[in-house]
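Here is a friendly walk through one protein model, meant to be read with the structure open beside you. Have a look at it first.

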Amino acid sequence: MPPDMVASDPVLDQTQMARALQLAELGLFTTDPNPRVGCVLWRDGRVVGEGWHARAGEPHAEVLALRAAGDQARGATAYVTLEPCSHTGRTPPCADALIAAGIAHVHCATGDPNPRVAGQGLERLRAAGLGVSMGTLQAPARALNAGFFSRFERARPFVRLKLAMSLDARTAHANGLKAWISGPEARADVQRWRARCSAIMTGAGTVQSDDPRLDVRLAYGPWVRQPLRVVLDSDLRCDPAAKVFQGHGALVFAADDARSAPDASSVAGLSAQRIERVARGPGGLDLAAVLRRLADLEINELLVECGPRLAGAFLRAALVDELLLYVAPTLLGAGALPLADFDGKLDAFEFRDVRRIGADLRLILAPRKV
């Protein structure tokens with residue numbers, strides 16, 4: 001029987017791949033810009049090795065699992081959540097490591113969209129005589145690395161728009177009074193979403209009105225990785241003393257035809273930040289161009305935390321892949337700021353998850369597929 005036709009146990013395959021996905025999720029906050037990957041080695045009715053990728057530049061999941069198994073890896077079956085790499089980057093090819101260790105069969109949840117791999121890892125395994133199969137728990141494996149797949153398949157990050165609103169879909173008091181809408185539990189939950197993303201984006205209006213830090217204040221392990229902070233400031237009007245520009249700074253996107261702001265010292269201060277120029281778009285900057293540039297910078301997941309104007313622009317452009325919406329049990333009234341600025345009807349969303357976070361509700365929605 002050819003290696004690819006080796007009889008398998010679907011229940012065993014799903015069980016071990018589910019464990020590999022659990023391991024992969026341990027790298028949720030740390031692997032960026034690499035994908036989150038887990039590996040389980042199974043031989044003679046038991047697990048002989050496990051591994052997960054922790055961060056870029058360190059050993060991949062397969063290598064760590066092989067180290068844990070030692071000589072017991074020979075003849076084992078490997079369950080890997082992503083196609084083993086076949087190229088030399090910061091680390092040697094994992095496909096070669098599996099072959100050298102004498103692995104008999106490799107189950108992959110899904111292929112690798114990176115053109116440097118993209119099927120070549122599987123072909124290398126087949127050429128060496130290993131059995132190869134793919135597709136077990138493919139959907140959750142892709143979902144765990146939605147940003148990684150988006151970057152290679154769509155040339156843009158996976159965009160998650162985070163908003164908080166009252167029961168009447170308002171986001172700020174009419175009198176301009178600054179006050180939290182969401183409770184402390186919901187705000188703590190947002191920190192986890194920040195920690196997993198590659199970059200956090202906001203607009204100049206939010207910087208000027210709220211002066212946010214847009215950083216991660218969460219102790220989630222020995223490696224504290226701060227996402228890239230991104231500010232859309234078409235005309236370079238933000239105050240360089242704003243909190244978002246302190247510490248590790250921010251990437252600023254400005255219009256390619258933006259003139260010097262009235263305050264020359266402000267321009268001088270912002271010039272210390274990294275400034276990218278893009279064309280103008282409807283009501284602001286060309287958001288598609290911004291996203292393409294972020295993909296070039298290896299941004300997988302983008303979390304957008306902003307005011308109604310920028311939120312409306314992302315929604316109108318159909319660039320939102322997931323809507324993260326916190327609903328507080330309060331009413332702010334008709335004069336308060338709306339959730340998003342747009343005219344007319346937008347594409348419908350569908351609920352993916354609804355749960356209570358402290359006193360608030362957290363809704364996760366995705367665009368409804370036609």
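The notes below go from the overall fold to the open spaces and then to single residues.

This is a predicted model, in which local features need pLDDT of at least 70, side-chain atom pairs count only at pLDDT 80 or more, and totals for chains, interfaces and linings use all residues. Residues are numbered from 1 along each chain as its sequence is written, and side-chain values use heavy atoms, with hydrogens and water left out.

**Overall fold**

- The protein chain holds eleven helices and 18 strands; helices (H or I, at least four residues) and strands (E, at least two) are DSSP runs, numbered from the N terminus.
- Of its 370 residues, 51% count as buried, where buried means under 20% relative accessible area, exposed over 50% and partly exposed in between (1.4 Å probe, protein chains only).
- Among contacts in the chain with a separation of 6 or more, 72% come from residues 24 or more positions apart; contact means heavy atoms within 4.5 Å.

- The largest nonpolar core has 37 residues, and Leu294 and Phe314 have the most contacts inside it. Such a core is a set of buried Ala, Val, Leu, Ile, Met, Phe, Trp, Tyr and Cys residues joined through side-chain atoms within 4.5 Å.
- Apart from that core lies another, of 25 residues, among them Val80, Ala95, Leu98 and Leu130.
- Leu294 is one of the buried residues of helix α10 (residues 287-296), and the others are Leu287, Ala289, Val290, Leu291 and Ala295.
- Beyond its neighbours within four places in sequence, Leu294 is in contact with Pro157, Met201, Val230, Leu251, Phe253, Ile299 and Leu302.
- At the start of α10, a side-chain oxygen of Asp286 comes to within 3.2 Å of the backbone nitrogen of Ala288. Just after the helix, Glu298 takes a positive phi of about 65 degrees.

**Pocket and cavity**

- Rolling a probe the size of a water molecule over the atoms shows where empty space is left.
- On a 1 Å grid over the protein atoms alone, a cavity is a set of points where a 1.4 Å probe fits but cannot get out, and a pocket is an open set with protein on both sides within 12 Å along at least five of seven lines; lining residues have an atom within 4 Å of a point.
- Grid points are joined across faces, edges and corners, and a volume is the space filled by probe spheres set on the points.
- The second largest pocket contains about 1,200 Å³ of space. It is lined by 39 residues, and Ala146, Phe158, Asp321, Glu322 and Arg352 are the closest to its centre.
- Helix α5 gives the most to this pocket's lining, with five residues.
- That lining has 19 nonpolar, two polar and 18 charged residues. Here Ala, Val, Leu, Ile, Met, Phe, Trp, Tyr, Cys and Pro count as nonpolar, Asp, Glu, Lys and Arg as charged, and the others, Gly among them, as polar.
- One cavity of 30 Å³ or more turns up in the whole structure, and the largest cavity has a volume of about 50 Å³.
- Residues lining the largest cavity include Thr31, Asp32, Phe148 and Glu301; by class, its lining has two nonpolar, five polar and three charged residues.

**Residues to click on**

- Ser150 is found in helix α6 and counts as buried because its relative accessibility is 3%. Leaving aside neighbours within four places in sequence, Ser150 is in contact with Ala155, Arg156, Pro157 and Phe158.
- Arg170 lies in strand β7 (residues 170-172) and is partly exposed, with a relative accessible area of 21%. The side chain of Arg170 reaches the backbone oxygen of Ala334 at 3.4 Å, a polar contact (a pair of N or O atoms within 3.5 Å; within protein, one must be able to donate a hydrogen and the other to accept it, and residues adjacent in sequence count only if both atoms are side-chain atoms).

- Most residues other than glycine have a negative phi, and most peptide bonds are trans.
- A cis peptide bond joins Asp32 and Pro33, with omega about 5 degrees.
- Leu137 is not a glycine, yet has a positive phi of about 55 degrees.
- Asp211, also not a glycine, has a positive phi of about 50 degrees.
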